[in-house]
Amino acid sequence: MNKNIILYSAILIFGIAAPFIFPAFKVQLSILCILIILSITWNVQGGEMGYNTFGNILFYGLGMYLCASVQVGMFFPLAEWTEGGGEKTFVHTPAQFFQGFGVGLAFAAVVPAIIAGLIGYSILGLRGHYFAICTLGLGVAAGEISGGIEIIGAGQGFTTPPFPNVDRLEARGEFFYFCSFIVLVFTFLAVKAIYSTRFKLVLNAIRDNEDKAEAMGIQTMKYKIIGWMISAFFCGLAGGIMGGLVGYIDSTDVAFDGREMGVFMVLMAILGGKGTLWGPVIGATLFHIFKEGFWTFFLGWQYVALGVLIVVIVIYFPEGIMGWLREKYPERFGEVVDEADRKAQVTLK
Amino acid sequence: MKIKNIIITFVSAIAILFSTSVVSFAKVVGDKIILGAAISLTGKYSSNGVHTQNGYNMAVDRINDMGGIKVGGKTYKFDIIYYDDESNPKRAAQLAERLISQDGVEFMLGPYSSGLTKAIAPVTEKYGVPMVEANGASRSLFTKGYKYLFAVLAPANLYLDVAIETAVELNGGKGVRIAQAFEQDAFSQDVRLGILDAAERTGSKIIIDDKLPKELNDMAATLAKVKAVKPDVLVVSGHTKGALTAIRQIAEMKVDVPMLAMTHCDAAKLSKQHGKNSQYALCASQWHKTLTYKDDFFKDGMTYAADFEKLFGYDPPYQSAESSAALLVFKDAFERANSFDQKKVRDALADTNMQTFYGNIKFAEGGQNVDKPMVLFQVMCDDAGKCENKVVAPLKWASAELIHPIPKWSER
C-alpha cells in the first residue's frame with residue numbers, strides 16, 4: 001500500500017512539474033493526457049466488457065463541437081461566428097473565454113453521456129463483430145452529418161475562440177495542459193474506483209459469458225449502458241479540451257477522426273494490455289513516444305514504422321505489455337504460483 | 001532472452017532518438033536562415049503537398065545559388081525544416097507549435113490547403129512568427145485580423161466568379177442556370193461562396209448545389225442530375241481528386257454542358273492524364289506560365305516552367321509557382337528589414353510591393369495579395385490528341401479564344 005502511495009504521488013508531482021521541466025513539449029504532453037483518457041475509457045468497453053467499440057470517437061467529436069459551440073454561443077451569435085467560414089471576428093474577454101470554456105466542458109461531458117444512454121439500448125444489443133461494425137458506422141456517419149450542418153461551420157470547419165491575450169506567452173499551453181491533466185487524474189481515479197466495485201465484476205462476467213451472466217440474474221443491458229455512459233462522459237471532456245487546444249475543428253479530420261484517434265485508442269489499449277487498469281496508461285504513453293519519434297526521424301515512412309511496431313506487438317506481446325509482465329512475474333500481480341505446476345507447463349511445451 | 005534483447009534495443013533506440021531530438025535549431029545558425037514548414041507529404045493532399053514542397057525547394061536552391069540573402073552586410077542562405085502534416089489540421093497545428101517552440105523556428109512557410117492554414121495561423125499569430133503562405137486561399141483567413149499572415153495568392157472566392165461573369169456575358173447579359181458541386185472542405189466551400197456572390201450579382205440561378213465528400217472518388221449522382229436538368233454552367237471544385245473524378249465521370253457518362261468550370265486542373269495534370277476527355281474544361285488558376293511577369297531569379301514564367309520541368313519532370317502547376325514566390329517575398333523582406341527581428345520582418349512584409357515571375361505582390365491589411373488577378377485557362381487539344389492549357393481570360397494575357405459552348409459528346 002505504501003509503495004502505491006509513493007508511486008501515485010511521484011506521478012502526480014511529475015504531472016504537475018512536467019510543463020515546467022519540458023516547457024517546449026507542453027502541447028505533446030497535453031495530447032498525451034488526452035490519449036490516455038481515450039485509451040482508459042475505451043478499455044472499459046473493449047477490455048473489461050469485451051465489446052470492441054469504434055464508436056467512442058462519436059462522444060469525443062460531440063464533446064469537441066459542443067464545448068466550442070457553447071463557448072461561442074454564450075456570448076455571440078453562433079451562426080454569425082461560423083458564417084462564410086468564420087469571416088466575422090468576435091473577441092472573447094478573458095472572463096468570457098474561461099467562463100464559456102467551463103460551461104462548454106460541462107455540456108461536452110453531460111450531453112454525450114446522455115446520448116450514449118439513448119443509443120446504447122439499441123446498439124448494445126448487438127454483439128461481437130456486429131457491434132464493432134455498427135459503432136464504426138456511428139463515427140463515420142457523425143463525421144459526414146456534422147460536415148453538412150451550417151451552424152457549426154459545415155465543411156469550412158469551426159475556428160474555436162482564440163485564447164485571450166494575457167501577458168504570458170506560455171499561458172495558453174499551461175492552461176490546456178492542466179485542463180487535460182486534471183481530467184486525466186479525474187478519469188483515472190473514477191475508473192479505478194469503479195474497478196474496485198462489483199460493477200467491474202459484472203462487466204467481466206459480460207465479457208466472459210454474457211448469457212450466463214444474464215441467466216444469473218444480472219441485468220446486463222443496464223450495466224452495459226452505464227459503462228458506455230461513463231466512457232462517453234470522459235471522452236466528451238477529452239474532446240472538448242482537444243478542440244480548444246487545436247483551435248480549429250474539422251468534421252472528419254479533427255472531431256470525428258475515427259481513422260486516427262478512433263483507431264489509436266484501440267491500439268493503445270491493446271499495446272498496454274486491455275482489461276487492466278494501468279495497461280492503457282502505459283500503452284498510450286509508449287505509443288505517443290513512438291509516434292512522435294517516428295514522425296521526426298522517419299519522415300514519410302512514419303506509418304510504415306508504426307505498422308512494423310504493431311506487427312511486433314501482435315507477435316511478441318499479444319496480451320499487451322501488462323499481459324506480458326503478468327505472465328513473466330505472476331507473483332507481482334498477486335497470483336499464487338505453483339512452482340511444480342509451472343515447471344510441468346514448461347516441459348509440456 | 002530474445003525478447004529481452006529486443007526490448008533493450010528498442011529502449012536504447014528511443015533514448016538515442018530523443019537525445020538527438022533535443023538538439024534544437026535556431027532561426028539563424030551560422031549563415032543559414034532556417035524556415036519551418038508543415039507540408040502534406042501523405043494523406044489526401046499529398047500530390048499538392050509535393051507540388052508545394054518542390055516549389056519551395058526550387059526557390060531555396062535558386063536564391064542560395066544566386067548569392068543568398070544579404071542582411072547587415074553578411075550573406076545568408078535559406079534552409080527549410082519540413083514535417084509531414086498528413087493533410088490533417090490537428091497534426092498541422094501541433095507541428096506549427098513544435099516548429100516554433102521546440103525547433104526554435106522564427107519564420108514559417110505555409111502548408112498546403114486553406115483548412116491547414118486555418119489551423120496553423122492562430123499558432124503563428126500567438127507567437128508572433130511571420131508566415132508567408134502560398135496555398136491557403138480561404139477568404140476567412142484574411143478577415144480575422146491576423147497580423148503575421150501573408151498570402152501571395154488571391155482569395156478563394158475570386159477563383160471562379162470570372163467564369164460565371166463570362167458565361168452571363170455570352171448569354172447576352174442574362175442570368176445563367178448553374179449546377180455546382182463542392183468538396184466539404186474549407187477551400188472548396190469558399191469557392192462556392194464566390195459563386196453564390198457572382199450568381200446574386202448577375203441574377204443567375206443555382207439549380208443544383210451538391211456537397212461532395214472528402215476522399216472524393218465518385219460524383220455520379222450529381223452528374224445524373226446535371227444530365228437531367230441541363231444547366232448552362234457546371235462548377236466543380238475539390239482539389240486534385242475532384243478535378244480528376246469530374247473529368248473521368250463526365251466522359252464516362254457523356255454529360256453535355258455548355259461550360260465546365262473547375263479548379264486544380266493543372267495540379268491534377270488533367271491534360272496529360274485524361275487527354276482529349278479533359279478538352280474544353282475551364283480552369284481557375286493563380287498563375288500560368290505564359291503570363292508576362294518578370295523577376296531576376298526565375299526570369300519569367302516560361303523559363304520557370306522549363307527549369308522546373310528539368311528538375312522534377314513535369315510542368316509546374318500554379319501551386320509550385322506560388323510556393324516559389326513565397327520565398328522571393330521572404331528574401332525581399334529580410335533584405336529590406338535588414339534584420340532578423342520578427343517585428344521588423346513583419347513590417348517589411350507588410351510593405352512588400354514587388355513583381356515576381358508569378359505576379360505582382362502587394363499585401364492588403366488582412367494579408368491577402370491584392371495586386372494579382374486570377375486567370376482562367378481552357379484545356380485545348382489538337383487533332384493529334386496533344387492537349388495544352390491555354391489562357392482565355394483576362395484578355396490581356398489570352399493566348400486563345402474561349403470555346404463556348406462546349407461541343408456535345410456526340411459531335412466530338
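**The domain interface of chain B**

Domain 1 and domain 2 of chain B bury about 1,700 Å² between them, 54% of it on carbon and sulfur atoms. Buried area is the accessible area (1.4 Å probe) that two parts lose on being put together, summed over both. B:Lys44, B:Arg139 and B:Tyr318 supply 33% of the area that domain 1 buries against domain 2, more than any other three residues.

The model is predicted: local features need pLDDT of at least 70 and side-chain atom pairs pLDDT 80 or more, while totals for chains, interfaces and linings use all residues. Residues are numbered from 1 along each chain as its sequence is written, chains are lettered from A and ligands numbered from 1 in the order written, and side-chain values use heavy atoms, without hydrogens and water.

Domain 1 spans 24–154 + 291–362 of chain B, and domain 2 spans 158–285 + 382–411. These bounds come from an automatic or database domain assignment. The domain centres, taken over C-alpha atoms, lie 30 Å apart. Contact (heavy atoms within 4.5 Å) involves 23 residues of domain 1 and 20 residues of domain 2.

One salt bridge is counted between the domains. The term requires a side-chain nitrogen of Lys or Arg within 4 Å of a carboxyl oxygen of Asp or Glu. The side chains of B:Arg139 and B:Asp197 form a salt bridge, at 3.4 Å from N to O.

By class, the side of domain 1 that touches domain 2 has ten nonpolar, ten polar and three charged residues. Here Ala, Val, Leu, Ile, Met, Phe, Trp, Tyr, Cys and Pro count as nonpolar, Asp, Glu, Lys and Arg as charged, and the others, Gly among them, as polar.
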